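Here are a few notes on this model before you go further.

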Amino acid sequence: MNIKKNAEEAGNLGSPFKGYAIVDCNNFYCSCERLFMPHLDNRPVVVLSNNDGCIISRSDEAKKLGVEMAGPYFKAKPLIEKYNVATFSSNYNLYGNLSWRVMETLRIVMGAENVEVYSVDEAFLNLDGFATENLQQIGINIRETVEQWTGIKVSVGVAPTKGLSKVANRLAKKHKLATGCVLVLDTREKINKALQDTPIGEVWGVGRQYAQKLMDMNAVFTAFDLTKKTEEWANKNLGGVVGVRLIKELNGKPANTMKEELTVKKMITTTRMFGSPVKNINDIKEAIATYTSRSAEKLRKQQSAANIISVFVVPKEQNYNPYFRHEPTISSYVTLPIATSATNELIKPALKLIDKLYEHGRLYKKAGVMLSGLVPDANIQGNLFVPNLNNDKRMLMSMLDNVNFAMRDDIVKFAASGIKRDWKMRQELRTPRYTTRWGELSRVR
């Protein structure tokens, strides 16, 4: 089933449309948890961030109870327990796999060239050439197909520009009963009404601080107010070129086109919060070695090699400080003599950097590794003065990756990564990884 191809073969009758749709999964993480526990469909659900620290996803029922987004879990816990809110730790293996299924469904029904994956739960679709009269039904077909094939409910917003499609999508989600989770803005009257119903803080690309700044100026309170501003005003008060593009988009003039999927990253980062604050340098080194191994796997997957490795640690904030503040990130980097993707050749300099950054007696809550200066691995020349056994580790690394991919959970790892890993991220309420682990498949009785 390819909606775009079928429409072209049938020949669209009526006025051709030029614009975009955005497909956004409803409360994505909560929807993923509910998919394998349908008894939760009408029960409030929340999903927690790393280390079960904050709330990062809420079902509509949880929102109505007043559970705050990004609020600390311990503060919301009394409300959660009072109303029996189902609570889960983040299950990124499950969410990533279901995200891929949603995006693959969109590629099948629209054609891969017409899909731009924007985030884990959002994708833009190119709708150029469809008949304007058919847009509502096309949106419904997309929504029903994704839900039928993946079990994930989505909302669809359609408009002449990406910025307006985001406005349409927000209103489609906010008024689910009235819109059926599909909203098409195909006339100036509909667009103006939608813009008037959109607070400036809800506009795509306008952050909380900018929104407050604009309201304090008594200049802009809604998206519609923003459309009345000039390019000169945007250059001065709305971030220059970015602000100009936003105003054009809201006025129906496309300034953001479809982008090709980024298949080769320019830098690779792996970072995690510790399960509890870490004081021992050996624990930090184990974490850094583990994160370096993970980054090296990603590096080899895109057939690249790194010239630069950076390491950073984040100290735990001081409890005696009367005003809460995050401690500054402490970081350092080293340029490698030869670009490499071999895990052992990356772990060694990473651990030396930790020796430089570590401060005895201090507590640390987070650490990370970043690989940059990436180049194609095939272009790296061997060293004439190094034995071939040590000169080419590609085969060894390939075997390591294949074993770990097949067996999962880093079954083969370097000793520097540790055995117990007491510093690992806390996920006390994580559900099974139903779609990516044979031993955690859902059972049907």
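1. Helix pair α7/α9. This is a predicted model. Helix α7 spans residues 162–174 and helix α9 residues 188–196; their axes come within 10 Å and cross at roughly 65°. Angles of 65 to 115 degrees count as roughly perpendicular, and α7 and α9 are therefore roughly perpendicular to each other. The crossing of α7 past α9 is left-handed.

2. From α7 come L164, V167 and L171; from α9 come I191, A194 and L195. By class, the α7 contact with α9 counts six nonpolar residues, no polar and no charged ones.

3. Largest nonpolar core. This core holds 38 residues. Those with the most contacts inside it are F28, L106, M110, L125, L127, I142 and V158. Helix α5 (residues 92–110) supplies the largest share of this core, eight residues. Another core, of 30 residues, lies apart from it; I281, L353, I354 and L371 are among its members.

4. L125. Which residues does L125 contact, leaving aside its neighbours within four places in sequence? They are G19, Y20, A21, V23, L106, M110, N114, V115, I142 and M258.

5. V244. This residue sits in helix α13 (residues 241–250). Is V244 buried or exposed? Its relative accessibility is 11%, and the cut-off for buried is under 20%, so V244 counts as buried. Beyond neighbours within four places in sequence, V244 contacts E231, A234 and N235.

Technical notes. Residues numbered from 1 in each chain as written. Predicted model: local features only at pLDDT ≥ 70, side-chain atom pairs only at ≥ 80, totals over all residues. Heavy atoms only, no water. Core = buried A, V, L, I, M, F, W, Y, C linked by side-chain atoms within 4.5 Å. Buried < 20%, exposed > 50% of the residue type's maximum accessible area, 1.4 Å probe, protein only. Helix = DSSP H or I, 4+ residues; strand = E, 2+ residues; numbered from the N terminus. Contact = heavy atoms within 4.5 Å. Axes fitted to C-alpha atoms, helices over the stretch in contact; angles between N-to-C directions. Parallel < 35°, antiparallel > 145°, perpendicular 65-115°, else oblique. Left-handed = near helix turned anticlockwise from the far one by under 90°. Nonpolar A, V, L, I, M, F, W, Y, C, P; charged D, E, K, R; others polar.
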